[in-house]
Amino acid sequence: MKVKIDQDLCTGDAICVDLCPDVFEMDGDQAKVIVDEVPEEFEDACRDAAESCPEGCIEIIE
Ligand code: SF4
C-alpha cells in the first residue's frame, strides 16, 4: 500500500501526523509522507488518517 497527499489541499492541521506518525510528518505548514511503502502494521492507522483528513486529500493506493 502506498499513500500520497494532495499538497494543494492540505491545510497542515496535523491530524494525519497525530494518527499515524510513522507514515506522516509535518514539513513546515503541511504534512508529507515519509515512507515509500506503508508498512503493514501501520496500514490501519494510515486508513484512519485518510478517513479523518478534513480536506480528503490523503489518497490510498492499494
Ligand atoms: S489531515 Fe489532511 S489536511 Fe491535515 S495535515 Fe494531514 S493531509 Fe493535511
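Me: Which residues form the largest nonpolar core?

Reply: This is a predicted model, where local features need pLDDT of at least 70, side-chain atom pairs count only at pLDDT 80 or more, and totals for chains, interfaces and linings use all residues. Residues are numbered from 1 along each chain as its sequence is written. A nonpolar core is a set of buried Ala, Val, Leu, Ile, Met, Phe, Trp, Tyr and Cys residues joined through C-beta atoms within 7 Å; buried takes 20 or more other C-beta atoms within 10 Å of a residue's own, exposed 12 or fewer, partly exposed anything in between, with C-beta atoms placed from the backbone. The largest core has 12 members: Val 3, Ile 5, Cys 16, Cys 20, Val 23, Phe 24, Ala 31, Val 38, Cys 46, Ala 49, Cys 53 and Ile 58.

Me: Which elements each supply at least two residues of this core?

Reply: Elements here are DSSP runs, with helices (H or I) of at least four residues and strands (E) of at least two, numbered from the N terminus. Those giving at least two core residues each are E1 and helix H2 (43-52).

Me: Which residues of strand E1 make up its covered face?

Reply: Side chains in a regular strand alternate between the two faces of the sheet. In E1 (residues 2-5), Lys 2 and Lys 4 form the uncovered face, while the covered one holds Val 3 and Ile 5.

Me: Which residues does Ile 58 touch, leaving aside those up to four places away in sequence?

Reply: Contact means C-beta atoms, placed from the backbone, within 7 Å. Ile 58 belongs to the largest core. With residues up to four places away in sequence not counted, its partners are Val 3, Ile 5, Cys 16, Ala 49, Ala 50 and Cys 53.

Me: Why does Val 33 count as partly exposed?

Reply: Val 33 sits in strand E3 (residues 30-33). Its contacts, not counting residues up to four places away in sequence, are Val 3, Lys 4, Ile 5, Val 23 and Phe 24. Val 33 is partly exposed because the number of other C-beta atoms within 10 Å is 18.

Key:
Two residues are in contact if their C-beta atoms, placed from the backbone, lie within 7 Å.
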